[in-house]
Amino acid sequence: MALFSVLFFLFLASSSVSAAPCNPLCLHKSKAGYYPLSKTGISSGACGYGSLAKSFNNGYIASGILSLLGYEGIGCGSCIHVTCKNKTLCRGRGTTVVLTSSLTQTKNNADTDLILSDRAYISMAAKGKARELLALNTVDVDYIRVPCEYKSQNLSVRVDESSKKPDHLVLTFLYQGGQTGIHIVTAYAQNNFTRIERDMDRKYGAVWEMNKAPQGSLSFRLFVYNGYDRSFVYSNKDLPADWKVGEIYDLGVQMNDQMDKRDGCTSNCTD
């Protein structure tokens, strides 16, 4: 009887960690194509990363339809796990990509939601099947948003070329971990005993701008959603007062633990 109780407990425990059924709004069925990483199309456009996108996630990046990028590009930089459904040509694990640009659907690609970099596309192939998979141009896939995890890189900002000193500041946010979006960015400076705050405006995608930027080094407060509630992420390092156009600055904080659960989606569900 004791042995039966132990086995029954282990059965319940194993069942409790199994993946939950997917909300149909979470797991998507579509097609994915590919584009050479050496070309600019997959790294330019709606998100504002430019050529820097090619270095994200070891080149495992993608363009996605507008619904994936969200309103004003709030989904830029999010991670998508893509599983190829061709059991003959593909291995089962799939691949994870970072969204870096938008995909405009036409009558020729209306059934395609994602264009992967060729590196990411090939990584889905079974051993010895890469050329055959490439020859298909597109393949049936399932995909779902998953958390981004940057273990060795903190949330950072790049000063955009359109910034002009002393007070017009344009920043692109990079290496945004977790599974959430940045809704509001507030910059503030502490000058003597006075704290000056300014909200930035989303220009597009991951790019935010501000006129009349406070003088001095700047700290940042990001409004996000974590769980089902509003949350704030604070920079631990400042943007220096002598910021330079084109430079990347480490904000000293990671967002890997920020998970927006308001849509009811989980990344470990099954179809």
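Among contacts (heavy atoms within 4.5 Å) between residues at least 6 apart in sequence, 71% join residues at least 24 apart in this chain. The model you are looking at is predicted, so to speak of local features requires pLDDT of at least 70, side-chain atom pairs count only at pLDDT 80 or more, and totals for chains, interfaces and linings use all residues. Residues are numbered from 1 along each chain as its sequence is written, and side-chain values use heavy atoms, with hydrogens and water left out.

Let's take the chain as a whole. It holds 4 helices and 15 strands, taken as DSSP runs numbered from the N terminus (helices H or I, at least four residues; strands E, at least two). Of its 271 residues, 45% count as buried, that is, under 20% relative accessible area with a 1.4 Å probe, protein chains only.

Now follow strand β9 (residues 184–191), which runs antiparallel to β10 (residues 194–199) and is joined to it by 6 bridges; strands pair if DSSP finds at least two bridges between them. Thr186 stands opposite Asp199 in β10. The two strands form a hairpin with 2 residues between them, and Asn192 in the turn has a positive phi of about 55 degrees.

Finally, turn to the largest pocket, whose lining comprises 22 residues; Ser67, Leu68, Arg145, Gln179 and Asp263 lie nearest its centre. A pocket here is an open set of points on a 1 Å grid over the protein atoms alone, where a 1.4 Å probe fits, with protein on both sides within 12 Å along at least five of seven lines; lining residues have an atom within 4 Å of a point. Helix α2 (66–69) and strand β6 (138–146) each give two or more residues to this lining, and α2 gives the most, with 3.

Conventions
Buried means under 20% relative accessible area, exposed over 50%, partly exposed in between (1.4 Å probe, protein chains only).
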